[in-house]
Amino acid sequence: MPKTPNNSVRTALGVEAASARGYYSRSVSILTVAWLVYFVDVFMRYNIPTVMPVLRQEYNWSATTVGWVDSAYLWAYALAQVPWGYISERWLGAKWTVTIGTAMIAVASVVFAWHVESLTLGIAARAVIGAGAAAIWVPLNPALARWFAPHRRGLQNGILGSGGTAGTLAGGALMPILVTGSVSLFGLSAIQSGFLWSALPGIVMVLIVPLVILNRPEEIGLRSLDANEQEPALAGKQAPPKAAEPSFGYIMTHSGYPYLLAIVYAGYLGALYFVWTWFAAYLNAVYGINVRSAGLLWAVAATAPAFISQPVGGFLSDRIGHVRAVAGALLMTAITSVGFVILAVLGKAVPWQFVLALALVFSFFVNMWVLAWPFTTMMFPTSAGGPIGGFMNTFAQLVGAAAPVVSGYFIDKTGSYVMVFVIGAGCAFVGFIAALFLKERRVI
């Protein structure tokens, strides 16, 4: 009579099966919660652009002023990337880093709702929201790299990115409704109540994240699926770093690839922020489309194609090559951005339906920014993936953070959106050139 396999044998068999499949069953649960918390991150990022006309009218703000309110999130988000990535890998782990960041988002969102009319408090609250949001994607990236094998890395990033796409849709489409017609809370104005309602998802996720997210498979007796960290199972413990692995500081002083990767990512985000930040306002100003309708059109254009392009792009990159996929997407982003320049020059002579059609194509390619993230754990040790990704995101988000303010300046001075779209196209083209020099192997 054959012997029944003991627990250690069953665990070993399970690990081998997961290695071949590319993920554990627990990997799916972690990715699901990561998807939800990233939804909250991006929902809070995009809960202002489509209501800019309402804020300007209600508080008599200029385009530059509302640009500063919006970009306060982005500046803090950019500057907090590297610290959170380092803290996560060095001390807290992804679980508690993400939990703390989500709590910051929730608390600051409530403060912003109560004090949106105050520029000082409003900008400060938006900055705290951005700093908290910085603790979401960057720590999750290396953590998920340990729960998904390299041949699933593109698809895993594409699925996670779609959580942000859903957040963009929710923020863009729901906020015009919430700030103009939501149920009043605590005697607050419609605008304040709308922003307070938008804080609820963050409050919920603070309770869920620590119950599901795990930093490493080794914590439950499994083995990391990352090719850079094939450590033996250490139940309840973190695997020790390999002595030969270069540190984050060493990489930054001995390799130019982190800087190259940052330029690639900035190509995506520069185009994304320069075009999308003012797209709904563009429809309102040029075509006279009301705020709710413009917000809905913005949300659909910004998100519907991304639901397809992010997971499909990730799937294809795993098969046709990551460099080819990321460079191709950036080239098409640059070309479609030039299309926006042409339409902005022609103005109302072009029906808004053509503008929307171009926006859908632009969205399909610019939202493939997720394809840049696998390089942080392919070209560098996964133990440095957090701070490397943080640096890449810091540089790119600083470009993005400048977009609302720079755009607002040009709009106030010229009354036109042409220069806004020109800068977006330039960002994408520079990113395309840089992408041609990336590698799909360890470079240091």
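**Notes on the predicted model**

1. Glu117 is located in the loop that joins α5 and α6. The structure discussed here and in every point below is a predicted model. Glu117 counts as partly exposed because its relative accessibility is 41%, a value that lies between the 20% limit for buried and the 50% limit for exposed. Residues up to four places away in sequence aside, Glu117 touches Tyr59, Trp61 and Gln192. Its C-alpha is 9.3 Å from that of Ile191, although 74 residues separate Glu117 and Ile191 in sequence.

2. The axes of α5 (residues 81–114) and α6 (residues 119–133) are 6 Å apart, and the packing angle is about 150°. This angle makes α5 roughly antiparallel to α6, since angles over 145 degrees are classed in that way. The crossing of α5 and α6 is left-handed.

3. The α5 side of this contact consists of Trp84, Gly101, Met104, Ile105, Ala108, Ser109, Val111 and Phe112, which meet Gly122, Ala125, Arg126, Val128, Ile129, Ala131, Gly132 and Ala133 of α6. Sorted by class, the residues in the contact of α5 with α6 are eleven nonpolar, four polar and one charged.

4. Helix α6 also packs against α4. The axes of α4 and α6 approach within 6 Å and cross at roughly 30°; α4 and α6 are therefore roughly parallel to each other. The crossing in which α4 passes α6 is right-handed. From α4, the contact draws on Thr65, Val69, Asp70, Ala72, Tyr73, Ala76 and Tyr77, and from α6 on Leu119, Ile123, Arg126, Ala127, Ile129, Gly130, Ala131 and Ala133. The contact of α4 with α6 comprises eleven nonpolar, two polar and two charged residues.

5. Ala113 belongs to helix α5 and counts as buried because its relative accessibility is 0%. Apart from neighbours within four places in sequence, Ala113 is in contact with Gln192, Phe195 and Leu196. The C-alpha atoms of Ala113 and Ser193 are separated by 6.8 Å, although the two residues are 80 apart along the chain.

6. Thr102 is the other residue, and it too is placed in helix α5. Is Thr102 buried or exposed? With a relative accessible area of 0%, Thr102 is buried. Once neighbours within four places in sequence are set aside, Thr102 is in contact with Val37, Ile136, Gly202, Met205 and Val206.

7. Val37, Gly202 and Met205, which are among the contacts of Thr102, also take part in the packing of α2 with α10. The axes of α2 (residues 25–45) and α10 (residues 200–212) come within 10 Å and cross at roughly 155°; α2 and α10 are therefore roughly antiparallel to each other. The crossing in which α2 passes α10 is left-handed. In this contact, Arg26, Ser29, Ile30, Val33, Leu36, Val37 and Val40 of α2 meet Pro201, Gly202, Met205, Ile208, Val209, Leu211 and Val212 of α10. By class, the contact of α2 with α10 contains eleven nonpolar, two polar and one charged residues.

8. Two asparagines in loops may be read together. Asn60 is placed in the loop between α3 (52–59) and α4 (63–79). The phi angle of Asn60 is near 60°, which is a positive value in a residue other than glycine. Asn60 is exposed, with a relative accessible area of 71%. Asn367, in the loop between α16 (352–366) and α17 (375–378), is instead buried, with a relative accessible area of 6%. Neighbours within four places in sequence aside, Asn367 is in contact with Leu272, Ala302, Ala306, Ser309 and Gln310.

9. The last point concerns helix α19, which spans residues 418–435 and has 18 residues. The distance from its first C-alpha to its last is 26 Å, close to the 26 Å expected at 1.5 Å a residue. The buried residues of α19 are Val418, Val420, Phe421, Gly424, Ala425, Cys427, Ala428, Gly431, Phe432, Ala434 and Ala435. An α-helix has 3.6 residues a turn, so residues three or four places apart point the same way. The cover over the buried residues of α19 includes α12 (257–276), α13 (279–287), α15 (322–346) and α18 (385–414).

Key:
Residues numbered from 1 in each chain as written. Predicted model: local features only at pLDDT ≥ 70, side-chain atom pairs only at ≥ 80, totals over all residues. Heavy atoms only, no water. Helix = DSSP H or I, 4+ residues; strand = E, 2+ residues; numbered from the N terminus. Expected span 1.5 Å × (residues − 1). Buried < 20%, exposed > 50% of the residue type's maximum accessible area, 1.4 Å probe, protein only. Contact = heavy atoms within 4.5 Å. Axes fitted to C-alpha atoms, helices over the stretch in contact; angles between N-to-C directions. Parallel < 35°, antiparallel > 145°, perpendicular 65-115°, else oblique. Left-handed = near helix turned anticlockwise from the far one by under 90°. Nonpolar A, V, L, I, M, F, W, Y, C, P; charged D, E, K, R; others polar.
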